[in-house]
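Please examine the sequence and the structure shown below. A short briefing on selected features follows.

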Amino acid sequence: MDALLTEIEARADEIAALTADLVRIPTLNPPGRHYRDICDAVGARMCARGWQVEMIRAEGALGDSDAYPRWNVICRLEGKAPGDTVHFNSHHDVVAVGEGWTRDPFGGEIEGGRVWGRGACDMKGGLATSIVAAEAFADRVPDFRGAIEISATADEESGGYGGVAHLAEQGRFAHVGHVIIPEPLGKDRICLGHRGVWWAEIETKGHIAHGSMPFLGDCAVRHMGAVLDEMERTLFPLLAGRRTDAPVIPDGARQPTVNLNAIHGGEPVQPDGYTGLPSACVPDRCVLTIDRRFLPEEDIAEVKAEIRALMERVRAARPDFRYEIRDLFEVLPTMTPEDAPIVTTVRQAVADVMGRDAGFVVSPGTYDQKHIDRIGRLKNCIAYGPGVLDLAHQPDEWIGIDDMVDSGKVMALALHRLLGG
Ligand SMILES: [Zn+2]
């Protein structure tokens, strides 16, 4: 076992170099660029080391097109005896670069013990770490049982429908026993799952009329103002009074939250270059998009009923108030039990490598575990990987090489415990 840990340390430069190579492939999502390139890069490496490599395009999935095909790769290495399959799943897409960078976002610079660039932390560092850890384990323990799989998948940042959801629909997790998703939760924390989410559009309705005689119309924006006012008075205080027992991080996310994502009423925003004035109209519709995150203890039907009740309170106070609520998207909370085999295994490995107990956390937002749970019907899944979560999606994103090495040791030890030798 010590030899295995030494082996990971010896491969620190290799982990950093592989992370940098992956960062240099700008897999921006949206729209979903260079997905095939990154799958080819991972596939070529693993194929050269004797892994079976399969490229899977999520044809017909949300977001897939000939211009932007949704490519995924699964690599598999068979052991020498029957046993469990341990699967590491990483998403290969990254979010937009944004402003404020002092480094080349796709330069893959290695400096100061860190690898820099968009996706270094979320989550090409985790992908590279799992690859090198699995290779090191297979080299040191060639007669292991079962099999190891490594997948790099599309579109996690936009819901995962062209990635893990597609693989799960194809039954690609049916034979899998354990899943580790190396998202950047921190090298000494195990993420058991995530809160739920409900996206909806709330529309208030009015009547169009000439803006010089608003009394002849009915202003949908004023109706929406009353909705926002009711939210401030009753909904936000109500949510602030609830708290989950689950270890959701950061602490502010231990209460349910609602983000007012977008609001639009009246005439459409004119395109750049339009130099005219607005026309004088009373807005006849106003649309508010809400992003409601709910706790494992909350029921989605009640979450929706709460908003409907709020709208009814507004209606009671306003004659002619008409509205509509449209569901856009929902995901139920996911929680892997603390005594699941993958949890106890990784917890023991963290204790062995770092000399302390791993903390349990629950993510404020969803990630691909939802598809493995609901479509793949596999509960034995956690997120565990290197990196500082707060750096995800930020300018000057980086990942620490030491963190990757420590996490790599934990992953290799977990493989050792599950697949033996
Ligand atoms: Zn991520």
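Leaving aside neighbours within four places in sequence, Arg24 is in contact with Phe106 and Gly108, where contact means that the C-beta atoms of two residues, placed from the backbone, lie within 7 Å. This is a predicted model, in which local features need pLDDT of at least 70 and side-chain atom pairs count only at pLDDT 80 or more, while totals for chains, interfaces and linings use all residues. Residues are numbered from 1 along each chain as its sequence is written.

**The loop between α2 and α3**

- Arg24 lies in the loop between α2 and α3 (35–48); helices (H or I, at least four residues) and strands (E, at least two) are DSSP runs, numbered from the N terminus.
- Arg24 is partly exposed because 19 other C-beta atoms lie within 10 Å; a residue is buried with 20 or more other C-beta atoms within 10 Å of its own, exposed with 12 or fewer, and partly exposed in between, the C-beta atoms being placed from the backbone.
- The C-alpha atoms of Arg24 and Ile38 are separated by 9.5 Å, and the two residues are 14 residues apart along the chain.
- His34 is also placed in the loop between α2 and α3, and its phi is near 60°, a positive value in a residue other than glycine.
- His34 counts as buried because it has 20 C-beta neighbours inside 10 Å.
- Pro31 belongs to the loop between α2 and α3, and a cis peptide bond with omega of about 5° joins Pro30 and Pro31.

**Backbone features elsewhere**

- Most residues other than glycine have a negative phi, and most peptide bonds are trans.
- The peptide bond from Ile249 to Pro250 is cis, with omega near -15°; Pro250 is found in the loop between α6 (220–240) and β10 (257–265).
- Asp396, in the loop between β15 (381–383) and β16, has a positive phi near 50°.
- Asp396 is partly exposed, with 15 other C-beta atoms within 10 Å.

**A sheet and its helices**

- An open sheet of three strands has the order β4-β5-β16 with antiparallel pairing; two strands pair if DSSP finds at least two bridges between them.
- β4 (110–111) and β16 (398–400) stand at the edges with a single partner strand each, so one side of each is left without a neighbour in the sheet.
- Strand β5 (residues 114–116) is joined to β16 by three bridges, and Trp116 stands opposite Trp398 in β16.
- Helix α4 (residues 120–140) packs on the sheet, touching β5 and β16, and its direction makes about 45° with that of β16; axes are lines fitted to C-alpha atoms, for helices over the stretch in contact, and angles run from 0 to 180 degrees between N-to-C directions.
- Helix α2 (residues 12–23) lies across β4, β5 and β16, running at about 10° to β5.

**The packing of α1 and α10**

- Helix α1 (residues 2–10) and helix α10 (residues 401–419) pack at an angle of about 145°, with axes 9 Å apart.
- Leu4, Leu5, Ile8 and Glu9 in α1 meet residues of α10 including Val405, Ala412 and Leu413.

**Domains**

- The chain is divided into domain 1 (2–194 + 334–419) and domain 2 (196–269 + 277–331), with bounds that come from an automatic or database domain assignment.
- The C-alpha centres of domain 1 and domain 2 lie 37 Å apart.
- Seven residues of domain 1 are in contact with nine residues of domain 2.
- Strand β14 (residues 359–363) gives the most to the side of domain 1 that touches domain 2, with three residues.
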